[in-house]
Amino acid sequence: MASIRTRRHSAAPLYDLSLGDKALSAACEDMVMGRWEGAHDLLATGSHKDWDRRSHRIRLLAHTAADKRIVEAWQAAQPHSADALVLRADAEVMRHFAGARTGAAPASESLDRTALLCLRAADAFPEDPHPWVSLITLGRLYENGTESMTGWWSELLTRDPSHREAHHQALRYMSARWHGSHGQAYEFARDCAVYAPSGSSLLVLPQVARAEAFRHRIETEGADPHTLVGYWAGERWDLRETMERWIAVRSPVEAAQDVPDLNHLAHGLALAGLLVEAATVFDLLKGRATRVPWRYTGEAEAEYVRWHARASRAAAEHADRW
């Protein structure tokens with residue numbers, strides 16, 4: 001029986017940028033074909049008040065629109081649309097990051113113009129946290145960070161104190177790769193986890209912080225990731241707390257970005273040697289993978305398949321003993 005289970009769980013994982021949101025996939029396909037109507041319909045219905053889902057949708061739409069002028073076409077057709085302005089602002093942020101990945105550092109004046117566009121979007125849709133998520137994301141690109149971050153973060157918290165994407169963006173801002181340190185990022189992540197309500201995916205933030213610190217060490221020190229396996233053992237207390245306070249009481253209705261958060265948790269559990277617990281999380285994922293953080297310790301797909309199989313074997317052996 002164990003060998004059958006292992007073969008089943010060794011199948012290639014599924015990668016889906018929409019994270020199972022079929023309406024979002026359709027709207028992105030519309031944008032690729034030069035149509036903005038799908039994005040209009042998607043953002044106008046079904047995601048207001050579920051701010052995490054709205055942010056997930058806006059961000060993927062913005063990524064899709066970043067190398068096109070389709071959002072500008074929407075704005076021209078509907079100049080008073082707050083949704084169009086919110087999406088346009090996030091698309092501008094994504095354009096800056098696309099440029100930065102080519103090695104072209106954005107000028108501060110250009111960043112300031114985009115920040116003003118985000119503030120216009122916030123004025124157009126005062127309830128929406130996402131323009132503040134756009135600003136928190138943009139803040140990473142300022143050469144020495146930005147003094148505005150504290151105010152932006154405060155505005156975000158007044159709208160949604162448990163906003164998933166905002167917390168992940170703030171964590172990146174505080175990381176050693178950007179404008180902080182490993183210690184600052186981990187302290188922020190631990191504080192968020194301590195005060196997060198039971199059932200919140202914010203409990204996974206310490207694992208995200210630890211994975212990002214690992215990645216930074218590999219990139220800056222040039223070490224073989226497999227020589228640092230012991231690095232993950234120190235995470236076991238946090239990992240067990242995440243299992244107890246998130247997974248054990250998690251809603252059966254998935255949040256918009258549970259898939260990447262579950263991947264971070266499965267990765268941390270596996271690398272820390274908590275394979276039976278990792279098998280529980282892999283079962284929740286049902287083969288749905290994200291390349292981060294698996295690519296931090298090797299080739300992403302191979303890492304996912306290898307650890308999935310090992311966790312499945314450990315769970316089967318554990319079940320046989322009991």
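Glu212 and Arg215 both sit in helix H12 (residues 205-221), 3 residues apart, which is about one turn of the helix. Helices here are DSSP runs of H or I with at least four residues, strands are runs of E with at least two, and both are numbered from the N terminus. The model is predicted, so local features need pLDDT of at least 70 and side-chain atom pairs count only at pLDDT 80 or more, while totals for chains, interfaces and linings use all residues. Residues are numbered from 1 along each chain as its sequence is written, and side-chain values use heavy atoms, leaving out hydrogens and water.

**The whole protein**

- The secondary structure of the protein amounts to 17 helices and 2 strands.
- With a radius of gyration of 20 Å, close to the 20 Å that the globule rule gives for 322 residues, the protein is as compact as a globular protein of that length. This radius is taken over C-alpha atoms, and the rule is 2.2 Å times the number of residues to the power 0.38.
- If you follow the C-alpha trace along its principal axes, it spans about 65 × 40 × 35 Å.
- Buried residues account for 54% of the 322 residues. Buried means under 20% relative accessible area, exposed means over 50%, and partly exposed lies in between (1.4 Å probe, protein chains only).
- The protein has about 14,800 Å² of accessible surface, and 54% of that belongs to carbon and sulfur atoms. The areas come from the Shrake-Rupley method with a 1.4 Å probe, and for residues only the protein chains shown count as cover.
- Of the contacts (heavy atoms within 4.5 Å) between residues at least 6 apart in sequence, 68% join residues at least 24 apart.

**Charges and salt bridges**

- Side chains of opposite charge can pair when their charged atoms come close.
- The protein carries 38 positive and 43 negative charges, and their mean positions are 5 Å apart. Lys and Arg count as positive, Asp and Glu as negative, while His and the chain ends are not counted. Each charge is placed at NZ of Lys, CZ of Arg, CG of Asp or CD of Glu.
- There are 27 salt bridges, each a side-chain nitrogen of Lys or Arg within 4 Å of a carboxyl oxygen of Asp or Glu.
- Arg215 counts as buried because its relative accessibility is 14%.
- Arg54 and Asp83 also meet in a salt bridge, at 2.8 Å from N to O. This pair links distant parts of the chain: Arg54 belongs to helix H4 (residues 51-65) and Asp83 to helix H6 (residues 82-101), 29 residues apart.
- Arg54 is buried, with 0% relative accessibility, and Asp83 is buried too, at 10%.
- In the bridge between Glu254 and Arg250, the closest N and O atoms are 3.1 Å apart. Glu254 is partly exposed at 27% relative accessibility, whereas Arg250 is buried at 16%.
- A network of salt bridges links Arg59, Asp90, Arg164, Glu165 and Asp261.

**Helices to look at**

- Helix H5 (residues 70-77) has Ile70, Val71, Glu72, Trp74 and Gln75 as buried residues. The buried residues of H5 pack against H2, helix H3 (37-44), H4 and H6.
- Asp30 is in helix H2 (residues 22-32) and is buried, with 18% relative accessibility. Leaving aside neighbours within four places in sequence, Asp30 is in contact with Arg35 and Gly38.
- Gly151 belongs to helix H9 (residues 149-159) and is partly exposed, with a relative accessible area of 38%. Between Gly151 and Ile136 there are 10.0 Å in space, C-alpha to C-alpha, and the two are 15 residues apart in sequence.

**Backbone details**

- The peptide bond running from Val292 to Pro293 is cis, with omega near 5 degrees. Pro293 lies in helix H16 (residues 291-294).
- Leu19, a residue other than glycine, has a positive phi, near 60 degrees. You can find Leu19 in the loop between strand E1 (14-15) and H2.
- Lys286 also has a positive phi without being glycine, near 55 degrees. This residue is in the loop between helix H15 (275-285) and strand E2 (288-289), and Lys286 counts as exposed because its relative accessibility is 67%.
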